[in-house]
Amino acid sequence: MIPDWKIWTVIAGLAVVTYLIRFSFIGLLAGRRIPAGMTRALGFVPVAVLPALIAPIVLSAGDGSLSADPQRIITAMIALAAGAATRNVLAALVAGMATFLAFGATGL
Amino acid sequence: MDQRPDQTAMQAATVTRHGFGAGLLAALPVLLAVAPFGLIFGILAVEAGLEITQTMAMSSVVIAGASQLAALQLLTEHAPALIAILTGAVVNLRMAMYSASIAVHWQSTPMHWRMLAAIVLTDQSYALSIQRYRRHPGESLGDRLGFFFGVGSLTCCVWILATYLGATLGNRIPPGWGLDFVVPITFIAIVAPMLRGRANLLAAAVAATLAVLLSGLPYGMGLLVAAAAGIEAGFLVPTAKEHNQ
């Protein structure tokens, strides 16, 4: 059970911070150029943050300890391969979800 | 504010209906990508124990799917609120890049339009608008802003609507259905198409490996450390230009 105050704090905090990020160069720093190095670094944000989020979930046993569950690993690999091959978010999502549901249906 | 407002642009700085309509039309195909993620977020948020009002509030004021899912994931792992906010913020840092890139096309736009535009600056509204601005360099500022607001308002409305559908659907799914693995699948789908080139692959590999190794750190701090290291690793790979020098 997540306490209510915590949920509302995260909603409000994330909303404010996200708005400020969006408004940064449109408004707060309008007219200022973003340094080239910073643009490059920001370009790596999604490809670093998302895998850092994903990897421990794929390799977790659900109780905080690590484990190599073949089902989870195979599902992740299929979604990854589909996304890398098609360069299409939706195709990767469908491939991953289909594998996930197939494992669920067969009860493996 | 050291901008030189030029007269013609000031006059054209009302958002045009023509531009808005073009934006609405251009947004139609990407709705196919927005809606499923809204549905997924709605279902997962309710499954995680959020009420429908909380779920709707989050989608309506944050309007950034990946960061919402990241914050949700950390909430379910009982990480502190500050870490959940920080992680969501890091996921959204890419938008600073969008902000800088699109602001160049909006010079001499009045502040109230800028403040409104920041609300609906998303992956979709940024990508489609930049594409449009490059193809139609002669368009008036009003048309340019109209296009952006057309894409932004439609995608955000669909995002919120899809969240609502997901949340009501999620209420009917019994708990313990094992939906926890939908989050990583969603993230993999978002990131896999981006993994092009050595630098991106290295950033991803370093971040993923460190995140697993550091997953024992308290408060989900391993994630932030791993992400920072991944960004640094990607940054240190010489670009093609530097390589040829």
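Colleague: Where do I start with chain A: among its contacts between residues at least 6 apart in sequence, what share joins residues at least 24 apart?

Modeller: That share is 20%. Keep in mind that this is a predicted model. The chain is built from 5 helices and 0 strands, and its pattern along the sequence reads α-α-α-α-α.

Colleague: And how do I read its overall shape? What is the radius of gyration of chain A?

Modeller: Chain A has 19 Å, whereas a compact globule of 108 residues would be near 13 Å. Along the principal axes, the C-alpha trace of chain A spans about 55 × 40 × 25 Å. As for burial, 38% of the 108 residues of chain A count as buried.

Colleague: Let's move to helix packing. How do I describe two helices that pack?

Modeller: You use the angle between their axes and the distance between the axes. Take helix 2 (residues 17-47) and helix 3 (residues 52-61) of chain B: their axes come within 9 Å and cross at roughly 140°. These two helices of chain B are therefore oblique to each other. The crossing of helix 2 of chain B past helix 3 of chain B is right-handed.

Colleague: Which residues of helix 2 and helix 3 of chain B make that contact?

Modeller: From helix 2 of chain B you have B:Gly38, B:Phe41, B:Gly42, B:Ala45 and B:Val46, and from helix 3 of chain B there are B:Ile52, B:Thr55, B:Met58 and B:Ser59. They split into 5 nonpolar, 4 polar and no charged.

Colleague: What about helix 4 and helix 5 of chain B: at what angle do they pack?

Modeller: The angle is about 155°, and the axes are 8 Å apart. An angle over 145 degrees counts as roughly antiparallel, so helix 4 of chain B is roughly antiparallel to helix 5 of chain B. Helix 4 of chain B also passes helix 5 of chain B in a right-handed crossing. Among the residues in this contact are B:Ala66, B:Ala70 and B:Leu74 of helix 4 of chain B, and B:Ile83, B:Gly88 and B:Val91 of helix 5 of chain B. Over the whole contact, the residues divide into 9 nonpolar, 4 polar and no charged.

Colleague: Last topic: backbone angles. What should I look for in phi?

Modeller: Most residues other than glycine have a negative phi. In chain B, B:His78 has a positive phi of about 60°. You'll find B:His78 in the loop between helix 4 (65-76) and helix 5 (81-92) of chain B.

Colleague: Which residue of chain A has a positive phi though it is other than glycine?

Modeller: A:Arg87, with phi near 55°. A:Arg87 sits in the loop between helix 4 (70-86) and helix 5 (89-106) of chain A.

Colleague: Is A:Arg87 buried or partly exposed?

Modeller: A:Arg87 has 13 other C-beta atoms within 10 Å, so it is partly exposed. B:His78 is partly exposed too, with 13 other C-beta atoms within 10 Å.

Conventions:
Residues are numbered from 1 along each chain as its sequence is written. Chains are lettered from A and ligands numbered from 1 in the order in which they are written. This is a predicted model: local features need pLDDT of at least 70, side-chain atom pairs count only at pLDDT 80 or more; totals for chains, interfaces and linings use all residues. Axes are lines fitted to C-alpha atoms, for helices over the stretch in contact, and angles run from 0 to 180 degrees between N-to-C directions. Helices (H or I, at least four residues) and strands (E, at least two) are DSSP runs, numbered from the N terminus. Angles under 35 degrees count as roughly parallel, over 145 as roughly antiparallel, 65 to 115 as roughly perpendicular and the rest as oblique. A crossing is left-handed if the near helix is turned anticlockwise from the far one by less than a right angle, and right-handed if clockwise. Two residues are in contact if their C-beta atoms, placed from the backbone, lie within 7 Å. Ala, Val, Leu, Ile, Met, Phe, Trp, Tyr, Cys and Pro count as nonpolar, Asp, Glu, Lys and Arg as charged, and the others, Gly among them, as polar. The radius of gyration is taken over C-alpha atoms; the globule rule is 2.2 Å times the number of residues to the power 0.38. A residue is buried if 20 or more other C-beta atoms lie within 10 Å of its own, exposed if 12 or fewer, and partly exposed in between; C-beta atoms are placed from the backbone.
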